[in-house]
Amino acid sequence: MGEDTTYRGSNETDPPPAPPRPGAAKAAPRADGPPKVDADAGRVDKARFDSMGRQQDFFRSVDSTPKGVSVARPRIVQDAALVVFALVAAALLAIPEAGRLAFDLAIPRDFVGFSADRLNQVLPVRTFLLSFFLTYALFAYASPGGKLKLALMFTVKFAIACALVDLMSWASWRYAAATWPIHFQQFLVGMAGLAIFPHTLIRNARLPVDSGTPIRRVGRFY
């Protein structure tokens with residue numbers, strides 16, 4: 001009997017919401033994009049974190065033709081480089097055979113200085129890398145002197161690496177009575193070539209300047 005039995009119809013609207021409190025700050029909409037980077041001061045907005053509480057890393061990429069460093073080259077340069085690479089590789093492969101036929105010179109295949117293993121199944125790793133180095137130096141965006149310097153540095157470093165591998169193979173056969181497979185020698189030479197190429201480019205190429213934007217992490221690693 002003390003209960004309120006007043007019926008509320010479905011067409012009766014709810015009361016309006018309460019007005020906002022005076023002085024309450026309006027919440028800023030959440031942006032989906034990356035945090036703003038102050039290029040002048042070199043600071044990253046610290047208010048943005050990922051789902052695990054870690055600050056996100058944002059830096060300038062140099063993979064998409066950075067200004068002042070990249071040079072637009074026509075498509076014909078790429079096609080010509082492939083053709084020249086094939087011609088240089090064919091010429092280097094023909095040098096040992098031509099030396100035997102014309103001058104009776106015993107030039108080892110793929111320019112292997114020493115190997116106690118059979119050379120009739122050697123992979124032309126050295127010929128491939130040398131052809132690539134010479135072709136890259138020929139079509140590099142540099143002056144004729146710069147191209148010659150780059151080609152000489154590639155060739156000298158690669159020749160030293162090949163000589164060291166062959167010398168270690170000879171020392172193992174001579175003093176340890178252990179024969180290195182020719183495929184292992186070629187593998188070591190290939191790894192040396194993969195290290196020589198970026199090292200030579202970084203030491204001689206014009207690289208982009210530092211963006212001045214540090215990479216900060218203030219969150220916890222899991």
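## The nonpolar core

In this predicted model, the largest nonpolar core holds 16 residues. Such a core is a set of buried Ala, Val, Leu, Ile, Met, Phe, Trp, Tyr and Cys residues joined through side-chain atoms within 4.5 Å; buried means under 20% relative accessible area, exposed over 50%, and partly exposed in between (1.4 Å probe, protein chains only). The residues with the most contacts inside this core are F133, L150, F154, F158, V189 and I196.

Which elements give two or more residues to this core? They are α2 (125-139), α3 (144-175) and α4 (182-204), with helices taken as DSSP runs (H or I, at least four residues) numbered from the N terminus. Helix α3 gives the most, at seven residues. As for L150, its contacts (heavy atoms within 4.5 Å) are with Y136, A137, A140 and T200, leaving aside residues up to four places away in sequence.

I160 sits in helix α3 and is partly exposed, at 48% relative accessible area.

## A177 in the loop

A177 lies in the loop between α3 and α4. Its phi is near 55°, a positive value in a residue other than glycine. A177 is exposed, with a relative accessible area of 71%.

## Reading the values

Residues are numbered from 1 along each chain as its sequence is written, and side-chain values use heavy atoms, leaving out hydrogens and water. Local features need pLDDT of at least 70 and side-chain atom pairs count only at pLDDT 80 or more, while totals for chains, interfaces and linings use all residues.
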